[in-house]
Amino acid sequence: MTTAVLESDEHKALRAAVAALGNRYGREYFTRVTAAGEHTDELWAEAAKLGYLGVNLPEEYGGGGSGIAELSIVLEELGAAGCPLLMLIVSPAICGTVIARFGTEAQKRQWLPGLADGSVKMAFGITEPDAGSNSHRITTTARRDGDDWLLTGRKVFVSGVDIAAATLIVGRTEDARTGKLKPCLFIVPRDAEGFERRHIPMELHAPEKQFELTLDDVRLPADALVGDEDAGLLQLFAGLNPERIMTAAFALGLGRNALGKAVEYARTRQVWKGGPIGVHQAIAHPLAQAHIELELARLMMQKAAAFYDAGDDFAAGEAANMAKYAAAEAAGKAVDQAVHTLGGNGLTTEFGLAQMLTASRVARIAPVSREMILNYVSHQTLGLPKSY
Ligand SMILES: Cc1cc2nc3c(=O)[nH]c(=O)nc-3n(C[C@H](O)[C@H](O)[C@H](O)COP(=O)(O)OP(=O)(O)OC[C@H]3O[C@@H](n4cnc5c(N)ncnc54)[C@H](O)[C@@H]3O)c2cc1C
């Protein structure tokens, strides 16, 4: 049956079970925790106990043995219930994948069981103040000192460093300091000497915080390097494709949550004699359109996840970029339309939609902006010339 390829019975059951968990917490929980400056620890722990957080990681290291398709279902459904867990994007999806695919046996044994059972979180740092969208310009540099590495550089906007046991930092070796990026990845423990973080205040209404990082000759043992220092972009993209698929799931969940609130409101809010405001097509059609666009974006996300889980990194790269683009655009429009549907209530704290306006922008900017995806598709897919 062709439908089973997209959403098998197992996937449907997982979707339903995660949605049930998410709905027990809901947006009120998320908002309360965020306002108190706390974290979604209870939800994280319960999701971990049910095996959702490490569903993509190998079974021999405590994971569920499934893939990004399943992890994206977990994130989308928690988001649709109003309580997305942003760290799912970085901890099991990027860091867990990179370690599972390229780590040594010792690194897998050290990190994967904790990432799988949720007791350990890992952040991921690639963005730099002077590189931004142009990762080829990153200057965080590792130089050898005997068997050790000394890592120096700056990162910005790195999420969750305060709650992560370690951060997977993308740098380059001294030998590859200039030219095209030949990235190498280092696990930097949170309390490593010379590893400083500064909280960046953001207007995001989310429990996860962003940080600027300074690495000043941070001494790391030889086994802090994940994978081969010469493997380059291949191992980095092994983590970045899941990141894009998961960001699509994050956006879809957010868009669905906002749309659900708007539909409920449009069904019940009555200001004219003829029925609730939802009878007016000026209200109904944009909501229908938002629903269609979210559904279409999910199809692309499922395609990207299917390629990725089948081991086709190349096809997954293009599809993951397109899925992230489509989901971010769809979520942005859904949230905007939801706010509008509620009129004044769209901006009240009580209805909680206005806070989603900034959140819905995140997926348009991170982990790669919509313009960089349009550039990618222009050059890689359509073969158009490059202007930069
Ligand atoms: C909430 C949040 C969480 C984040 N978490 C992390 C994290 O955990 N780890 C991490 O490493 N990073 C993280 N980031 C950083 C994020 O990935 C970057 O913000 C993103 O890659 C864009 O980089 P920049 O902000 O430097 O923008 P810039 O590169 O300065 O771009 C600014 C604008 O110019 C446009 N632009 C740039 N170049 C071109 C071009 N060639 N053509 C057309 N337009 C162009 C961009 O699209 C953008 O609109 C996070 C960001 C946010 C907002």
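This is a predicted model: local features need pLDDT of at least 70, side-chain atom pairs count only at pLDDT 80 or more; totals for chains, interfaces and linings use all residues.
The chain is assigned three stretches: domain 1 (2-120), domain 2 (123-226) and domain 3 (233-381).

**Leucine 225 and threonine 358**

- Leucine 225 and aspartate 148 are 77 residues apart along the chain, and their C-alpha atoms are separated by 9.9 Å.
- Threonine 358 is a residue of helix α10.
- Is threonine 358 buried, exposed or partly exposed? It counts as partly exposed, because it has 14 C-beta neighbours inside 10 Å, and that class falls between the limits of 12 or fewer for exposed and 20 or more for buried.
- Once neighbours within four places in sequence are set aside, the contacts of threonine 358 are Glu203, Leu204 and His205.
- From threonine 358 to leucine 75 the separation is 283 residues in sequence and 19 Å in space, C-alpha to C-alpha.

**How domain 1 meets domain 3**

- The centres of domain 1 and domain 3, taken over C-alpha atoms, are 20 Å apart.
- Where the two touch, 25 residues of domain 1 are in contact with 22 residues of domain 3.
- On the domain 1 side, the elements giving two or more residues are α2 (9-35), α4 and α5 (87-102).
- Helix α4 provides the largest share of that side, with 10 residues.
- Sorted by class, the side of domain 1 that touches domain 3 has 15 nonpolar, 6 polar and 4 charged residues.

**Helix α4 against helix α8**

- Two packed helices are described by the angle between their axes and the distance between the axes.
- Here, the axes of α4 (residues 68-80) and α8 (residues 281-309) come within 8 Å and cross at roughly 145°.
- From α4, the contact is made by Ile68, Ala69 and Ser72, while α8 brings Met301, Gln302, Ala305, Ala306, Tyr308 and Asp309.
- By class, this contact has 6 nonpolar, 2 polar and 1 charged residues.

**Around the ligand**

- How many residues surround the ligand, and which are the closest? There are 22, and the closest are Thr127, Gly132, Ser133, Ser369 and Glu371.
- The shell takes at least three residues from each of domain 2 (123-226) and domain 3 (233-381).
- Four elements each supply at least two residues of the shell: β1 (122-125), β3 (148-159), α10 (354-365) and α11 (370-381).
- In terms of class, the shell has 13 nonpolar, 8 polar and 1 charged residues.

**Backbone details to look for**

- The peptide bond from alanine 366 to proline 367 is cis, and its omega is near -10°.
- You will find proline 367 in the loop between α10 and α11.
- Phenylalanine 157, in strand β3, has a phi near 65°, a positive value in a residue other than glycine.
- Phenylalanine 157 counts as partly exposed, because 19 C-beta neighbours lie inside 10 Å.
- Aspartate 217 also has a positive phi, about 50°, although it is not a glycine.
- Aspartate 217 is in strand β7 (residues 210-220), and this aspartate is exposed because 11 other C-beta atoms lie within 10 Å, against a limit of 12 or fewer.

**What the UniProt record says**

- The unreviewed UniProt entry annotates residues 8-118 as "domain: Acyl-CoA dehydrogenase/oxidase N-terminal".
- In the model, that span is 70% helix and 0% strand, with its end C-alpha atoms 26 Å apart.
- The unreviewed UniProt entry also places "domain: Acyl-CoA dehydrogenase/oxidase C-terminal" at residues 232-375.
- Residues 232-375 are 78% helix and 0% strand, and the end C-alpha atoms of this span lie 22 Å apart.

Note on methods. Residues are numbered from 1 along each chain as its sequence is written. Axes are lines fitted to C-alpha atoms, for helices over the stretch in contact, and angles run from 0 to 180 degrees between N-to-C directions. Two residues are in contact if their C-beta atoms, placed from the backbone, lie within 7 Å. Ala, Val, Leu, Ile, Met, Phe, Trp, Tyr, Cys and Pro count as nonpolar, Asp, Glu, Lys and Arg as charged, and the others, Gly among them, as polar. A residue is near a molecule or strand if its C-beta atom, placed from the backbone, lies within 6 Å of it. Domain bounds come from an automatic or database domain assignment. UniProt positions are given in the numbering used here, feature names are shortened, and annotations may be inferred rather than shown by experiment.
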